[in-house]
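Colleague: I'm new to reading protein models. Could you walk me through a few features, starting with a pocket?

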Amino acid sequence: MTQTRDHGGGIDAAAAHYGGTRETWIDLSTGINPVPYPVSALPPDAWTALPDRAAQTRLLDAARRFWSVPDQAAILAAPGASILISHIPHLRAPGTVDIPQPTYNEHAAAFTAAGWTATNDTPDARVLVHPNNPTGSWHGPDALTAPLTVIDESFCDIAPERSLIQHATRPGTIILKSFGKFWGLAGLRLGFAIGLPDDIQRLEQMLGPWPVSGPALAIGAQALSDPDWANDTRARLTTDAQRLDTLMTRAGATLHGGTPLFRLYEVPDAAQWQDRLARHHIWTRIFPYSRQFLRLGLPAPQHWPRLEAALQ
């Protein structure tokens, strides 16, 4: 089970090597929506007061409606999905865990740090990234067989009809949602855990009081109550993903998978492709386990001409 924590980002290091400043670079190394949710003005007490119960309730009610959370399931807001990932292995005594690879590496790192060991045979826990990062593959309910099953739906808002949220009432099942990816507000640090009350309450105790900031509570509630923006965003992301595929395949890459928020391509030498684009101050993602995988997020609307010129 890999424990390497490699991630997208790293613009400062790229700029130090290739030149330029953070502001002159296009970061396509993440799967974050480049057209974020438009944040409106916040009430002053969102910044000055301790987050109150009413603000938290507004956020959780909006999340429950947006994701169609079953009535029997509980929902917890946290300062990002990553902190939930780090705590979930501590809900059970260490045992064996199955994390189909390749996938987002924080899950393996968290379970390893908590004393779990990897297996593919009748595990005590299983992690399913749905859709998977970076391949974009989906899982079915037939995979929900482990006593503790984590379904990471950080990128699932691009296709809500494929969510496994209806299984949140299965004992031992915890579904994770990330706010930063689809809404493009990763710096807000907001994530959710959904499951039966016993596990969710234990996670809540691990996080302690006031885990989510007042601004995050207010912005999250506003965004999750705006289904029209979400529907328009899904259409735009799908169109832009097709546009990116056309550019990349014309340049010699082969589409391997991905989602409308990021695309995974196969190329003869991923490091060489990354270097080629970096010389145009465009940063992409490569992986330590594959010399051929190159992942690109979508560019913001004003950045398409630069990407097109770099690929010619």
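Colleague: How do the residues lining the second largest pocket divide into nonpolar, polar and charged?

Modeller: First the idea: on a 1 Å grid over the protein atoms alone, a pocket is an open set of points where a 1.4 Å probe fits, with protein on both sides within 12 Å along at least five of seven lines, and lining residues have an atom within 4 Å of a point. Ala, Val, Leu, Ile, Met, Phe, Trp, Tyr, Cys and Pro count as nonpolar, Asp, Glu, Lys and Arg as charged, and the others, Gly among them, as polar. Here the lining has 13 nonpolar, three polar and three charged residues. This is a predicted model, where local features need pLDDT of at least 70, side-chain atom pairs count only at pLDDT 80 or more, and totals for chains, interfaces and linings use all residues. Residues are numbered from 1 along each chain as its sequence is written, and side-chain values use heavy atoms, leaving out hydrogens and water.

Colleague: Which residues lie nearest the centre of that pocket?

Modeller: Look for Arg53, Gln56, Leu76, Glu204 and Pro211, out of 19 lining residues. The elements giving two or more residues to the lining are α3, β2 (74-78) and α6 (197-207). Helices (H or I, at least four residues) and strands (E, at least two) are DSSP runs, numbered from the N terminus.

Colleague: Is helix α7 mostly covered or mostly open?

Modeller: Buried means under 20% relative accessible area, with a 1.4 Å probe and protein chains only. In α7 (residues 214-224), nine of the eleven residues are buried, so the helix is mostly covered by that cut-off. Those buried residues pack against α2 (45-48), α3 (53-67) and β8 (191-195).

Colleague: Why does Ala221 count as buried?

Modeller: Because its relative accessibility is 14%. Contact means heavy atoms within 4.5 Å. Leaving aside neighbours within four places in sequence, Ala221 touches Arg58, Leu59 and Ala62. The C-alpha atoms of Ala221 and Leu60 are 7.6 Å apart, though 161 residues separate them along the chain.

Colleague: And how do I read a sheet? What is the strand order in the open sheet of seven strands?

Modeller: Strands of a sheet pair through backbone hydrogen bonds, either parallel or antiparallel. Two strands pair if DSSP finds at least two bridges between them. Here the order is β2-β8-β7-β6-β5-β3-β4, with mixed pairing. β2 and β4 (117-118) are at the edges with a single partner strand each, so one side of each has no neighbour in the sheet. For a parallel case, four bridges join β6 (residues 148-152) to β7 (residues 173-178), and Ile151 has Ile175 in β7 as its bridge partner.

Definitions and conventions. Buried < 20%, exposed > 50% of the residue type's maximum accessible area, 1.4 Å probe, protein only.
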